[in-house]
Structures are given as C-alpha cells and as structure tokens.
Amino acid sequence: MSTVAEIESAISTLPVKDAWSVAGWLRDYLDAKWDKEMDEDIAAGRLDPLWEKAKADIAAGRVKP
C-alpha cells in the first residue's frame with residue numbers, strides 16, 4: 001500500500017472505532033513532524049526576521065496585551 005488512494009480505500013473499510021484510532025495516530029504523527037520542522041527552522045535562524053519584527057512591533061506599541 002503506497003498511494004494515497006490505496007490508503008484512503010483501506011481506511012474506508014475500517015470500523016469507525018479503528019478509523020478514529022488511525023485519525024489520532026495521524027494527528028500525533030503530523031504534530032511531531034510540525035514540531036521537528038519548527039525546531040529546525042528556529043535552529044537555522046529562519047524565524048529570526050519574524051522575531052525581530054515582533055519585537056519592533058512590541059516596542060512601538062503596535063500590539064495588544
């Protein structure tokens with residue numbers, strides 16, 4: 001099973017309880033991938049420009065508490 005269509009087809013045959021289990025696993029998997037990507041972006045400095053802009057907006061009073 002290697003295509004999205006095959007995976008979707010297989011999931012559609014599952015009992016609802018098992019489909020919810022797959023959904024939970026997929027959510028956790030994607031959350032972990034997102035966290036890893038964010039950590040890598042932070043370490044590489046790719047978010048530094050956004051942080052600098054946020055600090056400037058805070059200093060200029062352009063943000064709400």
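The questions and answers below go from the overall fold to single residues.

Trainee: Which pattern of secondary structure does the protein follow along the sequence?
Mentor: Keep in mind that this is a predicted model. The protein has 3 helices and 0 strands, and, read from one end of the sequence to the other, the pattern is α-α-α.

Trainee: What percentage of the residues is buried?
Mentor: The accessible surface comes to about 5,800 Å², and carbon and sulfur atoms account for 63% of that surface. A residue counts as buried under 20% relative accessible area, and among the 65 residues of the protein the buried share is 5%.

Trainee: How far apart are the end C-alpha atoms of helix 2, and what span should its residues give?
Mentor: Helix 2 covers residues 16–43, and at 1.5 Å a residue its 28 residues should span 40 Å. This agrees with the model, because the end C-alpha atoms of helix 2 are separated by 40 Å.

Trainee: Which residue with a positive phi follows helix 2?
Mentor: The phi of this residue is near 80 degrees, and the residue that follows helix 2 with that positive value is G45.

Trainee: How are the rings of W25 and Y29 arranged as a pair?
Mentor: A search of the whole structure finds 1 aromatic pair, and in it the ring centres of W25 and Y29 are 5.2 Å apart, with their planes at 10 degrees. W25 and Y29 are separated by about one helical turn, because they lie 4 residues apart in helix 2. W25 is exposed at a relative accessible area of 54%, while Y29 is partly exposed at 37%. Planes under 30 degrees apart meet the cut-off, so the pair of W25 and Y29 is stacked.

Trainee: Is L14 buried, exposed or partly exposed?
Mentor: L14 sits in the loop between helix 1 (4–12) and helix 2, and its C-alpha atom is 16 Å from that of V4, which is 10 residues away along the chain. With a relative accessibility of 32%, L14 counts as partly exposed.

Trainee: How many residues of helix 3 are buried?
Mentor: The 12 residues of helix 3 (residues 48–59) should span 16 Å at 1.5 Å a residue, and the 16 Å between its end C-alpha atoms agrees. After helix 3 comes G61, with a positive phi near 75 degrees. Helix 3 is hardly covered, and among its 12 residues the count of buried ones is 1.

Conventions:
Residues are numbered from 1 along each chain as its sequence is written. This is a predicted model: local features need pLDDT of at least 70, side-chain atom pairs count only at pLDDT 80 or more; totals for chains, interfaces and linings use all residues. Side-chain values use heavy atoms; hydrogens and water are left out. Helices (H or I, at least four residues) and strands (E, at least two) are DSSP runs, numbered from the N terminus. The expected span of a helix is 1.5 Å times one less than its number of residues. Buried means under 20% relative accessible area, exposed over 50%, partly exposed in between (1.4 Å probe, protein chains only). Rings of Phe, Tyr and Trp (its six-membered ring) pair if their centres lie within 6.5 Å; planes under 30 degrees apart count as stacked, over 60 as edge-to-face and the rest as tilted. Accessible areas come from the Shrake-Rupley method with a 1.4 Å probe; for residues, only the protein chains shown count as cover.
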